[in-house]
Amino acid sequence: MSLQSSLFNFSFTTPCSSSSHETSTPTITPFLNSVTRQSNQPESSGRSEENNGELLRASSRFCTCGRRHFLEAASTALFPICPSIASDNLQPRYKTVLNRVHPPRPDWYDEFYASVLNSTAEPYEAEVAVYKTQLFTNLIRGKARKVLEIGIGTGPNLKYYANSADIQVYGVDPNTKMEKFAQESAVAAGLPLSNFEFIQAVGEAIPLNNASVDAVVGTLVLCSVKEVGQTLQEVKRVLKPGGLYLFVEHVAAKDGTILRLLQSALDPLQQTVADGCHLSRDTGKEILQAGFSSVDLSMAFLSNAFIINPHVYGIASK
């Protein structure tokens, strides 16, 4: 199935009006409010007919061939600059969510996990590079000025898009031991450290203001968050209208296959040894159902990924 290149004919000339990023009374997501109230009531999952229509249109563009790639990029208009970091009085709420969904680990564990991730990812990154290059070419052509990367880890994606002094990158990760590796990756990519800010946070509660970034990047992160749906709503919240969400995620194999059986059997162990990573999530479906205005999604198998296959990758627009 060929991809719809027309999806990327976006116009990024949205004016930076004061109403789009007021900081005096910023909107807090229902998830954050529930923490303040100490309420455990689940958030409503109801969707409007309009969102259902978007889901049907997005689903019709789902491509499983893994061979056709993104052809056209976003427009080359410059993005306006808007304030991004949430006000100080909100930071305790974000910390509360951080500790709730990602309880503190011992320093030795965080240091060990960051070191292992930094030293063992090369074979995987070499194979997935062809897909990432296509995705980030769209981001570069769109000339995003402010980029948020959720689950930035050691920063392997920075080399694809963070090579300009004109870009500001916010890297979110709950593991503070990742910061030094991410900074090294930023410097290697040519990004001044003054343009890079590492923020300890989780995807379920991103400490940035509404409509404050031009693009959100997330690769291999939705497998390990506690609430996939809430994380995607946070992605939409911080994106400016017309902003892009670029993703690469591993997902569950097809039902009834040997690979799916292995994933189901090994899932509990994977969550324990890989910092909460799930093998059997249907993340592609979650992205399609998140209410983006358009989603272009494809699938690929990576030989170096073994049990964490297949992968979905693509671009969604707010």
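**Basis.** I note that this is a predicted model, in which local features need pLDDT of at least 70 and side-chain atom pairs count only at pLDDT 80 or more, while totals for chains, interfaces and linings use all residues. Residues are numbered from 1 along each chain as its sequence is written, and side-chain values use heavy atoms, with hydrogens and water left out.

**Whole chain.** I counted 10 helices and seven strands; helices (H or I, at least four residues) and strands (E, at least two) are DSSP runs, numbered from the N terminus. Of the 318 residues, 52% count as buried, where buried means under 20% relative accessible area, exposed over 50%, and partly exposed in between (1.4 Å probe, protein chains only). The accessible surface comes to about 14,600 Å², and carbon and sulfur atoms account for 53% of that area. Areas come from the Shrake-Rupley method with a 1.4 Å probe; for residues, only the protein chains shown count as cover. I then turned to contacts (heavy atoms within 4.5 Å). Among those between residues at least 6 apart in sequence, 81% join residues at least 24 apart.

**Sheet.** I traced seven strands in an open sheet of mixed pairing, in the order S3-S2-S1-S4-S5-S7-S6. Strand S3 (196–200) and strand S6 (294–300) are the edge strands, each pairing on one side only. Direction ignored, neighbouring strands are turned by 15° against each other on average. Strands of a sheet pair through backbone hydrogen bonds, either parallel or antiparallel. I also recorded that H8 lies across strand S1 (146–150), S4 and S5, and runs at about 145° to S5. For such angles, axes are lines fitted to C-alpha atoms, for helices over the stretch in contact, and values run from 0 to 180 degrees between N-to-C directions.

**Salt bridges.** My search of the whole structure gave six salt bridges, each a side-chain nitrogen of Lys or Arg within 4 Å of a carboxyl oxygen of Asp or Glu. One of them joins Asp 214 and Lys 240 (3.0 Å, N to O). Asp 214 lies in strand S4 (residues 213–219) and Lys 240 in strand S5 (residues 239–250), so this pair ties together parts that are 26 residues apart in sequence. Both Asp 214 and Lys 240 are buried. Another joins Arg 237 and Glu 234 (2.8 Å, N to O); both lie in helix H8 (residues 228–238), three residues apart, about one turn of the helix. Arg 237 and Glu 234 are buried. I also noted Lys 132 with Glu 125 (2.9 Å, N to O), both buried.

**Thr 283.** Is this residue buried or exposed? I found Thr 283 buried, with a relative accessible area of 1%. Thr 283 belongs to helix H10 (residues 283–288). Beyond neighbours within four places in sequence, Thr 283 is in contact with Leu 222, Glu 249, His 250 and Val 251.

**Surface patch.** Ile 258, Leu 262, Leu 266, Leu 269 and Val 273 make a nonpolar surface patch of about 470 Å². Patch residues have over 30% relative accessible area and no salt bridge; like charges are joined within 9 Å, nonpolar side chains (Val, Leu, Ile, Met, Phe, Trp, Tyr) within 5 Å. I placed Val 273 in helix H9 (residues 258–273), and Val 273 counts as exposed at 52% relative accessibility.

Conventions. Two strands pair if DSSP finds at least two bridges between them.
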